[in-house]
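Dear colleague,

I am passing on the structure that follows, together with some notes on what was found in it. Please read the notes with the sequence and the coordinates open beside you.

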Amino acid sequence: MKSIIICKSVHKGNTKEVAEAVAGVLDCEVKEPGEVDGIEKYDLVGFAAGIYYGDFHRSIIDFVETVKGDGKHAFLVSTSGFRPLPFFNNYEEKMEERLEESGFEVLGSFTCRGHDEFGPLKLFGGMYKNRPNGKDLTDSKSFSAKLFASFKS
Ligand SMILES: Cc1cc2nc3c(=O)[nH]c(=O)nc-3n(C[C@H](O)[C@H](O)[C@H](O)COP(=O)(O)O)c2cc1C
């Protein structure tokens, strides 16, 4: 199984840290959208980003909306200041729908909180200063192990 994680982590490198932990389990590379020259050779594609104004980073949305999934398996990784909530703040569901529209089969999504110094939050040191933490990285590795198992079965 050949995998890749396409990651945009611009605010604090929070998502990159989680994506690297996942990539360690899947034994794959983490690349920025601009560094990826097609996804034809991959069986499993992860899309990872911080959440900005209620959605994944624009570069990841653009990538997903313009690529052909061709039935490939995909998963999501995100970090954010707020957890996703049904109906109100469901950035995972929105992105899963985009992936399906582009022809991917979505295997799962992982999210955790990330240090957030958006706007005035910076004055107070931000929210979730020490996230992602060790537990987040352990949880992300468990997620990857399940992903790996479900992909193989
Ligand atoms: C300009 C800006 C907008 C943000 N908007 C949201 C948001 O709408 N919802 C949320 O939960 N977090 C929001 N955040 C927090 C980021 O999602 C969080 O810090 C994330 O861990 C950043 O990931 P990165 O370091 O990988 O880019 C925002 C942060 C910034 C700087």
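**Notes on the structure**

Leaving out its neighbours within four places in sequence, K8 is in contact (heavy atoms within 4.5 Å) with E32, P33, A48, A49, G50, H57, S59 and I60. The model is a predicted one, in which local features need pLDDT of at least 70 and side-chain atom pairs count only at pLDDT 80 or more, while totals for chains, interfaces and linings use all residues. Residues are numbered from 1 along each chain as its sequence is written, and side-chain values use heavy atoms, with hydrogens and water left out.

K8 belongs to strand 1 (residues 3–8); helices (H or I, at least four residues) and strands (E, at least two) are DSSP runs, numbered from the N terminus. One of the residues in contact with K8 is E32, and the side chains of K8 and E32 make a polar contact at 2.7 Å. A polar contact is here a pair of N or O atoms within 3.5 Å; within protein, one must be able to donate a hydrogen and the other to accept it, and residues adjacent in sequence count only if both atoms are side-chain atoms.

Helix 1 (residues 14–26) has 13 residues and reaches 19 Å from its first C-alpha to its last, which is close to the 18 Å expected at 1.5 Å a residue, the expected span being 1.5 Å times one less than the number of residues. The buried residues of this helix are N14, T15, V18, A19, A21, V22, A23 and L26, where buried means under 20% relative accessible area, exposed over 50% and partly exposed in between (1.4 Å probe, protein chains only). Just after helix 1, D27 takes a positive phi of about 55 degrees.

V30 is found in strand 2 (residues 29–31) and counts as buried because its relative accessibility is 18%. Residues up to four places away in sequence aside, V30 touches I5, C7, K16, A19, E20 and A23.

In soluble globular proteins, nonpolar side chains tend to be buried together. A nonpolar core is taken as a set of buried Ala, Val, Leu, Ile, Met, Phe, Trp, Tyr and Cys residues joined through side-chain atoms within 4.5 Å. The largest such core has 21 residues, of which I6, I39, V45, F47, F56, I60 and F104 touch the most other members. Two or more residues of this core come from each of strand 1, strand 3, helix 2, strand 5 and helix 3. Apart from it lies another core, of 19 residues, and I5, C7, A21 and V30 are among them.

Helix 2 has S59, I60, I61, F63 and V64 as its buried residues, and these pack against strand 1, strand 3, strand 4 and helix 3.

**Aromatic pairs**

There are five aromatic pairs in the structure; rings of Phe, Tyr and Trp (its six-membered ring) pair if their centres lie within 6.5 Å, and planes under 30 degrees apart count as stacked, over 60 as edge-to-face and the rest as tilted. Y53 and F118 have ring centres 5.6 Å apart and planes at 85 degrees, so the pair is edge-to-face. Because Y53 lies in the loop between strand 3 (44–52) and strand 4 (55–56) and F118 in the loop between strand 6 and helix 4, the pair ties together parts that are 65 residues apart in sequence. Y53 is exposed, with a relative accessible area of 73%. F47, F63 and F104 form one aromatic cluster.

**Around the ligand**

Of the 20 residues around the ligand, S9, T15, I51, Y52 and T79 come nearest, a residue being near if one of its heavy atoms lies within 4 Å. A polar backbone atom of H11 is 2.8 Å from an oxygen atom of the ligand, and a backbone N or O atom of H115 also lies 2.8 Å from an oxygen atom of the ligand. For Y53, a backbone N or O atom lies 3.1 Å from a nitrogen atom of the ligand.

**Backbone details in the loops**

D70, in the loop between helix 2 (58–66) and strand 5 (73–80), has a positive phi of about 50 degrees although it is not a glycine. F87, in the loop between strand 5 and helix 3 (91–101), has a positive phi near 70 degrees and counts as exposed at 89% relative accessibility. A cis peptide bond, with omega about 0 degrees, joins R131 and P132.

With best regards
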